[in-house]
Amino acid sequence: MKFGSETLYRLFVLVADEKSITRASEKLYISQPAVSKQIKKLENELNTTLFNRKNMELTKNGKKLYNQLKPIIDELERIEKSFETKRNIKLGTYNTLMSKLLSSSILEYYKIYKDNEVIIENSNIEKMFKKLENGELDLVIVKKFNESNPNIKYIKLGNLEDIFICGNNVNFGKHKELNVLDNKILYVPRNNSIALEKMLEILKDSNINPIIKRVDSTTMVNLVRDSSNIGFITKEYISEELEKEEIKELQLDINIPKSEFGIYYIEDNKFKELADFIKVIEYNLKL
């Protein structure tokens, strides 16, 4: 994050008001080290110490700066609020990704913008990126996609692990070889990913031919739970079902790369509400 002088001053006033770097970082949805670094940067620019680091009380020069800046920052915020208009955010993602990974971020965003709305659209990757380019979507959150448009920016959030699953009562014994999948129904996601393509490539090279059926994650869990068939799905999507032992992970002798996922957006379309929403998502999800 790049901080200009105005942002540094706003950050300084917030830390002084909160008397805590931790609370300030939580309000800004950025890390504590980032806040500390910017306060230190301001102190270096002004060639003075602004806070007593033991209790985060203002020093003499810190109080002087605070008394000068506080009314200015308050007036700026008052002016900004007088011009605020409701602007909703249009988000494209997978349904499972939204429900499992983004729900807490959306709730946090609603605490900041109580009258705004995050409108979710679930579609395939190609349609979502086309809508992102023409402004019908403000951001897309999906597994990393080979996007060549230089106007589309990407922020990595972390990695997702894809696994095989089966019903909790199914017993394959200690058999972990891939041929357990041969001529077996294998449920896979509707949308392709690097991990899925790699897995199918390995099976093909091993001359293993499962019966591939593409379904959404909710349907997959229900189908696997009540049969002896197998599914291939992102582990983070089904963490609750795994914890409740409704289904279980089937460990097979195969090395599947983790899938990177993140935020895609158009830099020129990064309005204030969107920028704040991205901060919230990064704070909650970035690994």
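## Helices H1 and H4

In this predicted model, helix H1 packs against helix H4, which spans residues 60-82, with an angle of about 110° and a distance of 9 Å between the two axes. Two packed helices are described by the angle between their axes and the distance between the axes. Since angles from 65 to 115 degrees count as roughly perpendicular, H1 and H4 are therefore roughly perpendicular to each other.

On the H1 side, the residues in contact are Glu6, Tyr9, Arg10, Phe12, Val13, Ala16 and Asp17, and they meet Gly62, Leu65, Tyr66, Leu69, Lys70, Ile73, Leu76, Glu77 and Glu80 of H4. Sorted by class, this contact between H1 and H4 holds nine nonpolar residues, one polar residue and six charged residues.

## Helices H1 and H3

Helix H1, made of residues 5-18, also packs against helix H3, made of residues 32-46, and here the angle is about 115° while the axes lie 10 Å apart. H1 and H3 are therefore roughly perpendicular to each other, and their crossing is left-handed.

The residues that H1 brings to this contact are Leu8, Tyr9, Leu11, Phe12 and Val15, whereas H3 contributes Val35, Gln38, Ile39, Lys41, Leu42 and Glu45. Among the residues of the contact of H1 with H3, eight are nonpolar, one is polar and two are charged. Tyr9 and Phe12 of H1 take part in the contact with H3, and Tyr9 and Phe12 are also listed in the contact with H4.

The axes of H2 and H3 cross at roughly 110° and come within 8 Å, which makes H2 roughly perpendicular to H3. In this contact, Ile21, Thr22 and Ser25 of H2 meet Gln32, Val35 and Ser36 of H3, and the residues divide into two nonpolar, four polar and no charged.

With a relative accessibility of 39%, Ser31 counts as partly exposed. Along the chain, Ser31 and Asn149 are 118 residues apart, and their C-alpha atoms are separated by 30 Å.

## An aromatic cluster

The count of aromatic pairs in the model comes to seven. In one of them, the rings of Tyr109 and Tyr110 have centres 6.2 Å apart and planes at 50°, so this pair is tilted. The pair of Tyr109 and Tyr113 is tilted as well, with 5.1 Å from centre to centre and 35° between the planes.

Both Tyr109 and Tyr113 are buried, and for Tyr109 the relative accessibility is 0%. Tyr110, at 29% relative accessibility, counts as partly exposed. Together with Phe277, the residues Tyr109, Tyr110 and Tyr113 form one aromatic cluster.

## Positive phi angles in two loops

Met56, although it is not a glycine, has a positive phi of about 60°. Met56 lies in the loop between strand S1, residues 51-52, and strand S2, residues 57-58, and its relative accessibility of 11% means that Met56 counts as buried.

Asn183 is another residue other than glycine with a positive phi, and its value is near 60°. Asn183 lies in the loop between strand S7, residues 162-167, and strand S8, residues 185-189. In contrast to Met56, which counts as buried, Asn183 is exposed, with a relative accessible area of 59%.

Technical notes
Residues are numbered from 1 along each chain as its sequence is written. This is a predicted model: local features need pLDDT of at least 70, side-chain atom pairs count only at pLDDT 80 or more; totals for chains, interfaces and linings use all residues. Side-chain values use heavy atoms; hydrogens and water are left out. Axes are lines fitted to C-alpha atoms, for helices over the stretch in contact, and angles run from 0 to 180 degrees between N-to-C directions. Helices (H or I, at least four residues) and strands (E, at least two) are DSSP runs, numbered from the N terminus. Angles under 35 degrees count as roughly parallel, over 145 as roughly antiparallel, 65 to 115 as roughly perpendicular and the rest as oblique. A crossing is left-handed if the near helix is turned anticlockwise from the far one by less than a right angle, and right-handed if clockwise. Contact means heavy atoms within 4.5 Å. Ala, Val, Leu, Ile, Met, Phe, Trp, Tyr, Cys and Pro count as nonpolar, Asp, Glu, Lys and Arg as charged, and the others, Gly among them, as polar. Rings of Phe, Tyr and Trp (its six-membered ring) pair if their centres lie within 6.5 Å; planes under 30 degrees apart count as stacked, over 60 as edge-to-face and the rest as tilted. Buried means under 20% relative accessible area, exposed over 50%, partly exposed in between (1.4 Å probe, protein chains only).
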